Amino acid sequence: MTTESNGLVQRLAFWGIPLSIGVMGLKLVAWKVTGSIALLSDGLESTVNVVAAVVAFFVIRYAQKPADSSHPYGHHKAEYFSAVLEGVLIVVAALLILQEAVAALPNPKLLEAPVLGLAINSLAAAINGAWALTLIRVGKRHRSPALQADGHHVLSDVVTSGGVLIGLVLAIVTGYAILDPLLAILVALNIIFQGWKVISHSVAGLMDQAVEPEEEEAIKQAIKENCEGSLGVHYLRSRRAGAATFVAFDLVVPSKMTVGEAHVICDRLEMALHKALPGTRVTIHVEPENEMAHGNGVEI
């Protein structure tokens, strides 16, 4: 990730804090106006958004620190810890919503000042929706798991708000007040599912999961087009750690090739891989043809 990318990711993470506080305030006002248990539940989830935004900001700053003697490969994986925490917070928010909704089932109530309350909550949902899409788009472009997780977290909040609004409109139109807590329960179950997806994706990153198939194909193509002079490549490995992609492989060369000649090929391969996937960390092991090892990796 470039310095410009780092700055953009940090700025977005920072502005997520005041924005989440503002949205939480709007939702709590909507709850106060209407007395709706569903709107209270929606506001409870937004308090988690505030905590998640603060955590994401500080973790992203830490993850962008350069490599040092204690962490020679960098601090990229710190973002996955933030993403796991956000996934857990999403699930916690859903459980809080379930608790409030189930408690309201025996004695549901129709809303007071419904139009004003729904208008305020709709505004909060619209702000959150635009912000969530921005975080996810920028997070994917600049390979920031924490920013993407924060975006999905905010998006789950939008889903909550949308479900709550639909439930409240139905409750008002039909006069069935019980629709309010019932739909809140359904939305909470969906949020639990979204939280689980964030957690599982982040844990996969901590476990050094291989790059996406399209990225692996780009790696193989770059190697095929730039390994001229060698006898081929084998034992190809790749993994993703936050914004960084790590690629390692064995380059087989003729036994009589000089170190300088092999180095030229390695430089050409590294440049091609950096062009195909910016920010890639490349490790190449050169071995003569009569000492070629047999690994379990992919041969090219």
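Q: How is a cavity defined on a grid?
A: On a 1 Å grid over the protein atoms alone, a cavity is a set of points where a 1.4 Å probe fits but cannot get out. Lining residues have an atom within 4 Å of a point. Rolling a probe the size of a water molecule over the atoms shows where empty space is left.

Q: What should I know about the model before reading values?
A: This is a predicted model: local features need pLDDT of at least 70, side-chain atom pairs count only at pLDDT 80 or more, and totals for chains, interfaces and linings use all residues. Residues are numbered from 1 along each chain as its sequence is written, and side-chain values use heavy atoms, with hydrogens and water left out.

Q: Which residues line the largest cavity?
A: The lining consists of G16, L19, S20, N49, A53, N128, W131, D150 and V154. By class, that is 4 nonpolar, 4 polar and 1 charged. Here Ala, Val, Leu, Ile, Met, Phe, Trp, Tyr, Cys and Pro count as nonpolar, Asp, Glu, Lys and Arg as charged, and the others, Gly among them, as polar.

Q: Which helices supply the lining of the largest cavity?
A: Helices are DSSP runs of H or I with at least four residues, strands are runs of E with at least two, and both are numbered from the N terminus. α1 (3-34), α2 (37-63), α4 (114-141) and α5 (145-174) each supply at least two lining residues. α1 gives the most, with 3 residues.

Q: What pattern does the chain follow along the sequence?
A: It reads α-α-α-α-α-α-α-β-β-α-β. The total is 8 helices and 3 strands.

Q: How is the span of a helix judged, and what does α4 reach?
A: The expected span is 1.5 Å times one less than the number of residues. α4 has 28 residues and reaches 40 Å from its first C-alpha to its last, close to the 40 Å expected.

Q: Is Y235 buried, exposed or partly exposed, and why?
A: Buried means under 20% relative accessible area, exposed over 50%, partly exposed in between (1.4 Å probe, protein chains only). Y235 counts as partly exposed because its relative accessible area is 32%. Over the chain of 300 residues, buried residues make up 48%.

Q: Where does S230 lie, and what does its side chain meet?
A: S230 lies in the loop between α7 (213-226) and β1 (232-241). S230 is buried because its relative accessibility is 15%. A polar atom of its side chain lies 2.6 Å from the backbone oxygen of C227. The backbone nitrogen of G232 lies 3.3 Å from a polar atom of that side chain. Contact means heavy atoms within 4.5 Å. Leaving aside neighbours within four places in sequence, S230 is in contact with L251, V252, V253 and I265.

Q: What about A184: buried or exposed?
A: A184 is buried, because its relative accessibility is 2%. It is found in helix α6 (residues 179-206). Beyond neighbours within four places in sequence, A184 is in contact with A38, I97 and A101.

How values were computed: 1 Å grid on protein atoms, 1.4 Å probe; cavity = no way out; pocket = protein on both sides within 12 Å on 5 of 7 lines; lining within 4 Å. Polar contact = N/O pair within 3.5 Å; in protein donor to acceptor, adjacent residues only side chain to side chain.
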